[in-house]
Amino acid sequence: MTPSKVSLAHLPTPLEPMERLGAELGFDPGCLWVKRDDCTGLAGGGNKARKLEYLCADAMALGCDTLVTGGGRQSNHVRMTAAAANKVGLRCTVVLASPEPAHPTGNVVLDHLLAPDIVWAGPLDYYGTEAAIEQACADLEAEGRRPYRMPVGGASTVGALGYVDAADELLGQLPDLELVVVADGSGGTHAGLVAGFGHHGRVLGVDVGTRPDLDEQVPAKAAEAAALVGRRRPVGDVQIDHEHFGDDYGAMTDECRRAIDAAARLEGLVLDPVYAGKALAGLIAARASGRIASDQKTVFVHTGGMPALFAHAYANWIRG
Ligand SMILES: *Cc1c(COP(=O)(O)O)cnc(C)c1O
């Protein structure tokens, strides 16, 4: 059965040239582009909208009544899942791996507005968060509900299908594209793109420090996603830059700050400090080292995440 999807995102998203940033980084004219997946529309937009189109359809096909997922306090995936649930008429429970903050900021403001049932789980690592999501599902089942469990980042094989479609969309917009650079949180976006292109060499993921097992998970999910839609198993070796998240997930690094500043000041493009800023820092380093050549047609995927800029720590960092 071919997986179905519901319509949640504004698609296709624009593909825009970045001539001023490209020149600054030593790209030839016409070689650096940005895929505006921050403009998918759903409750502020971001990459999770494409995944949620498939995940919501799957949940409804299975007769589930509640979407269940989780993430860090400023999770974009949680915010967008709550919005998707409201749009399609499902209930939603989210696990946030944080104590409840005294003053809501950024995504948490939007979480309160979208009003899922929130479980404030206290500080948890990646695997602890996944376990807490499973526990929330078990609790709902005990109450007679039918939960649909989504892993952190919506990074199931079904979710990755949204980015198989995005790869097709990109090839329609820029048929001679050579490399796509994207932030790797859960790795589902990267995996879907690889499944769509059929080649690991087309995608450079920049690890943002969400999970420790990307090198195994991205190829595994890419192969599963390709199989699910009847495409050939992706060839080549997975490409992930693990050097650009700093000490930890969300860490404020000088390279990230320089990347965010360059995007803002040369392109008027606002990047978030947790994902897209780190991904652009990785792209800048790859260009500087020659890993990306000046004439390589390169697409930077802007995956969204702007609300995190309005969390206190980042807001103060930006002020400097
Ligand atoms: C979730 C997220 C990512 C990472 O996507 P994955 O598919 O989890 O790797 C990148 N950028 C933003 C803004 C996100 O919210």
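A residue counts as buried when its relative accessible area is under 20%, as exposed when over 50%, and as partly exposed in between (1.4 Å probe, protein chains only). By that rule, arginine 36 and aspartate 38 are both buried. The model is predicted, so local features need pLDDT of at least 70 and side-chain atom pairs count only at pLDDT 80 or more, while totals for chains, interfaces and linings use all residues. Residues are numbered from 1 along each chain as its sequence is written, and side-chain values use heavy atoms, leaving out hydrogens and water.

**Salt bridges**

- The whole structure holds 14 salt bridges, a salt bridge being a side-chain nitrogen of Lys or Arg within 4 Å of a carboxyl oxygen of Asp or Glu.
- One of them joins the side chains of lysine 5 and aspartate 165, at 2.8 Å from N to O. Lysine 5 lies in the segment before β1 (15-17) and aspartate 165 in helix α6 (residues 157-173), so this pair ties together parts that are 160 residues apart in sequence.
- Lysine 5 is partly exposed at 40% relative accessibility, and aspartate 165 is partly exposed at 23%.
- The buried residues arginine 36 and aspartate 38 also meet in a salt bridge, with an N to O distance of 2.9 Å.
- Arginine 257 and aspartate 261 form another salt bridge, their closest N and O atoms being 3.0 Å apart. Both residues lie in helix α9, four residues apart, which is about one turn of the helix, and both are buried.
- A network of salt bridges links Lys35, Asp37, Arg50 and Glu169.

**Helix packing**

- Helices (H or I, at least four residues) and strands (E, at least two) are DSSP runs, numbered from the N terminus. Axes are lines fitted to C-alpha atoms, for helices over the stretch in contact, and angles run from 0 to 180 degrees between N-to-C directions.
- Helix α2 (residues 48-61) packs against helix α3 (residues 76-88) at about 45°, with their axes 10 Å apart. The two are therefore oblique to each other; angles under 35 degrees count as roughly parallel, over 145 as roughly antiparallel, 65 to 115 as roughly perpendicular and the rest as oblique.
- α3 and helix α4 (residues 107-114) pack at about 20°, their axes 9 Å apart. That angle makes α3 roughly parallel to α4, and the crossing is left-handed.

**Surface patch**

- Val270, Met306 and Phe310 form a nonpolar surface patch with about 280 Å² of accessible area together. Accessible areas come from the Shrake-Rupley method with a 1.4 Å probe, and for residues only the protein chains shown count as cover.
- Patches are made of residues with over 30% relative accessible area and no salt bridge, like charges being joined within 9 Å and nonpolar side chains (Val, Leu, Ile, Met, Phe, Trp, Tyr) within 5 Å.
- Valine 270 lies in the loop between α9 (254-267) and α10 (276-289), and is partly exposed at 37% relative accessible area.

**Glutamate 134**

- Glutamate 134 lies in helix α5 (residues 126-142) and is partly exposed, at 45% relative accessibility.
- The C-alpha atoms of glutamate 134 and methionine 150 are separated by 9.2 Å, and the two residues are 16 residues apart along the chain.

Terms used: Left-handed = near helix turned anticlockwise from the far one by under 90°.
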